[in-house]
Amino acid sequence: MPHRPRLWLPLPLLVVFLGLPALIELLLIAGDLGWLPLRGVRSLAYQNGAFWAGLLDNWRPNYAAQPWLMFLTYSFLHAGFGHLVGNMVALVVLMQLVARRLTAWSFTAVYLISAIGGGLGFALLGQAVNPMVGASGALFGIAGAWKWIDWQRVASGPARAWMILRDIALLSLLNLVIWVTEGGALAWEAHLGGFLAGLAAMAVLDRRAGPGPRGG
């Protein structure tokens, strides 16, 4: 396949996926520190944009579309500067890993589907009283797409099965390490839901594309 530059997304999409989360978090930090007249804005942002599983049950939303929009808005909010930087660095790395197989728009589709899958995973497996923020559900979906591409390079059989088991074990270990270092404050449910959604989205894209050469 023709070579794509490492950051191949059009500028508007880079602004959405990299710039918008950074801008939001910097504004929230400025409010936290009193640098701008935005005190309390983080709480307000979480109340209206975080993922609250209870809104899918019997909680009253702040606005009519909140139970639907939160499946995407939560992925643009973060829990602090370190959380933001970790996710944005991971996003840039993952963009490089899938650049040869995904166009800008198929990347966008996988990202958004994975964010929704992360929300579903959290809703089904998480604790309804806790809000969830962060792009990691979508990022694990991009990782799922990358792993699907990797797995298809190996003929079906024991070698592929071993590769899949190895990768799942490594991703599980990664989640365990992060869970420990974060003191249990990890939405692993969103990671799982995003990963499965990314796998499924990439499988559909592969089927629609049909047989053909695969990039290295």
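Student: How many salt bridges does the structure hold?

Tutor: The structure holds 7 salt bridges. A salt bridge here is a side-chain nitrogen of Lys or Arg within 4 Å of a carboxyl oxygen of Asp or Glu. This is a predicted model, where local features need pLDDT of at least 70, side-chain atom pairs count only at pLDDT 80 or more, and totals for chains, interfaces and linings use all residues. Residues are numbered from 1 along each chain as its sequence is written, and side-chain values use heavy atoms, leaving out hydrogens and water.

Take Glu-25 and Arg-42. Their side chains meet in a salt bridge, 2.7 Å from N to O. The pair links distant parts of the chain, 17 residues apart: Glu-25 sits in helix H1 (residues 11–33), Arg-42 in helix H2 (residues 41–49). Helices are DSSP runs (H or I, at least four residues), numbered from the N terminus. Glu-25 counts as buried because its relative accessibility is 1%. Buried means under 20% relative accessible area, with a 1.4 Å probe and protein chains only. Arg-42, at 13%, is buried too.

Next, Lys-147 forms a salt bridge with Asp-167, their closest N and O atoms being 3.3 Å apart. Lys-147 belongs to helix H6 (residues 136–152) and Asp-167 to helix H7 (residues 158–181), 20 residues apart. With a relative accessible area of 7%, Lys-147 is buried. Asp-167 is buried at 5%. This pair is part of a network of salt bridges that links Lys-147, Asp-150, Arg-153, Arg-166 and Asp-167.

Notes
Helix = DSSP H or I, 4+ residues; strand = E, 2+ residues; numbered from the N terminus. Buried < 20%, exposed > 50% of the residue type's maximum accessible area, 1.4 Å probe, protein only.
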